[in-house]
Amino acid sequence: TSALWTEVRSRALPQNFFLCCLLATLPLNVHGQMGGAGMGGGGGGAGAPPVEEKPKFREHIHNIEGLPIHREKGDAIVKNVRVVGNRAVGIHKITSKLQTRKNRFYDYEVVLGDVRRLNDMGSFDHVTFKIDEQADGVDVTYIVNERPMITRVVYHGNRAMGEREVSGRCGISKGDPLSEFSIESARRRLVDYYQSEGFNQVSITTVIGIEGDPGAVVYRINEGPKERIASIHIHGSTIVSEARLKKIINSRGPMAGILTYIGNAVDMRKIDQDVDVLATYYHNLGFLTATVGRQIEYDDSGKWLTLNFVVNEGPRFKVNDVQIIGNQFITEESLRQRMNLKPGDMFDGTLMRRDIGELVYGYGELGYIYADVEPKTVMRDESNVVDLVYEITEGDRWKVGEILVNIEGEPDLMKETTMLNLVDLREGDW
């Protein structure tokens, strides 16, 4: 090995003197350094107790959300910073939250901020501190009271759902603080997940602590049968076909009437939303008093159901009058020219929303960029007649201030003046 390094130095010297100096500092006895216990060399006796592994620098920076930079102030110097009371939470994880450091100036406000950051970790019930002032500096001690930690999470009874699916939806895992609130929230998430997958009779209970392991959390799951939609029927519709209404709702029966196990799991929340979807659809068509209900029929097995929507259309309403109130700076005549829904027309919610957009757009063209239009329907004593009232809040009129152009890439290809020439607005315009 010595001869090899001598040969390398002699060849490198004519080419690079600094490289030669670097090679001269390397040890000659390479094998002597790589041998011994570190490479499997012998040695009797018990090994030293394992120490906590210090995180890598990039992980440390990630945990503290970057290096805090501020101007230090104070008279006393921090001699020592200690943390007592931690058992499960590593010291490196705690100190990454502290801005009070040894050999820095002592600042009471910084210590209070450290206490707040430690409390925000969620791993401690409470955090206090103790200050020991001495002639040559200040000792700062943080006293933490750890919350009990979850040692493991166990699921019993999940036959239809895999362990990974259930644990992913649960959202708690080993090492999290043992909180009854978080455990109950996880249970509700599991119930919602099962119900969205068609297990509407699911029952889940929780147990905290088992014999020999007080930190264990057990979820006992009774899934029940998976319910599926056998067929969907919509009754009472006269103006719209049943096939059209089935495309509007989100609930689905067997695909093409053949694939009976694809896409037809029962989701009760989706069914309730479909009731509102159908009612809104009829209201937009002018049936402002239309109501929609649902009825569910199970078969003998309890796994298949027939879903019935019952529609009461009621009368279709006609627009009697259209009123515009709240406009001060724009004439009513110019606003009406933008509107399509007029007195005598059948009420149409789609046209009404389009007219609202046109009114807002018209105000925006004139500088009222925060104008708002609120529609209201007023039932009249006459049958099947409704008045439309558009209540306008104009807001302030705005001028163009400074126009900024940011060009990425080669600046020579597109000048700022060229870009400004393509813009219709100028500084000072409405």
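**Exercise 1. Find which residues Asn-308 touches, leaving out those up to four places away in sequence.**

Step 1: count a contact wherever heavy atoms come within 4.5 Å. Asn-308 then touches His-233, His-235, Gly-293, Arg-294, Gln-295 and Glu-297.

Step 2: check what you're working with. This is a predicted model, where local features need pLDDT of at least 70, side-chain atom pairs count only at pLDDT 80 or more, and totals for chains, interfaces and linings use all residues. Residues are numbered from 1 along each chain as its sequence is written, and side-chain values use heavy atoms, with hydrogens and water left out.

Step 3: Asn-308 sits in strand β9 (residues 304–312); strands are DSSP runs of E, at least two residues, and helices are runs of H or I, at least four, both numbered from the N terminus.

Step 4: look at burial. Asn-308 has a relative accessible area of 6%, so it's buried (buried is under 20%, exposed over 50%, partly exposed in between, with a 1.4 Å probe and protein chains only).

Step 5: look at the side chain. Asn-308 and His-235 are joined by a side-chain polar contact of 3.3 Å. That term covers N or O atom pairs within 3.5 Å; within protein, one must be able to donate a hydrogen and the other to accept it, and residues adjacent in sequence count only if both atoms are side-chain atoms.

**Exercise 2. Work out which residue forms a salt bridge with Arg-294, and where the two lie.**

Step 1: apply the rule, a side-chain nitrogen of Lys or Arg within 4 Å of a carboxyl oxygen of Asp or Glu. Arg-294 pairs with Asp-272, with 2.9 Å between the closest N and O atoms.

Step 2: Arg-294 is in strand β8 (residues 291–298) and Asp-272 in helix α10, so the bridge ties together parts 22 residues apart in sequence.

Step 3: Arg-294 is partly exposed at 38% relative accessibility, and Asp-272 is partly exposed at 36%.

**Exercise 3. Decide whether Asp-114 and Arg-117 are buried or partly exposed.**

Step 1: the two form a salt bridge, the closest N and O atoms being 2.6 Å apart. Both belong to helix α6 (residues 108–120), three residues apart, or about one turn of the helix.

Step 2: Asp-114 comes out at 0% relative accessibility, so it's buried. Arg-117, at 22%, counts as partly exposed.

**Exercise 4. Describe the surroundings of Tyr-390.**

Step 1: Tyr-390 is part of strand β12 (residues 385–393). With 1% relative accessibility, Tyr-390 counts as buried.

Step 2: list contacts beyond four places in sequence. Among them are Val-322, Ile-324, Met-339, Ile-356, Leu-359 and Pro-375.

Step 3: take Ile-356. Its C-alpha is 8.2 Å from that of Tyr-390, though they're 34 residues apart along the chain.
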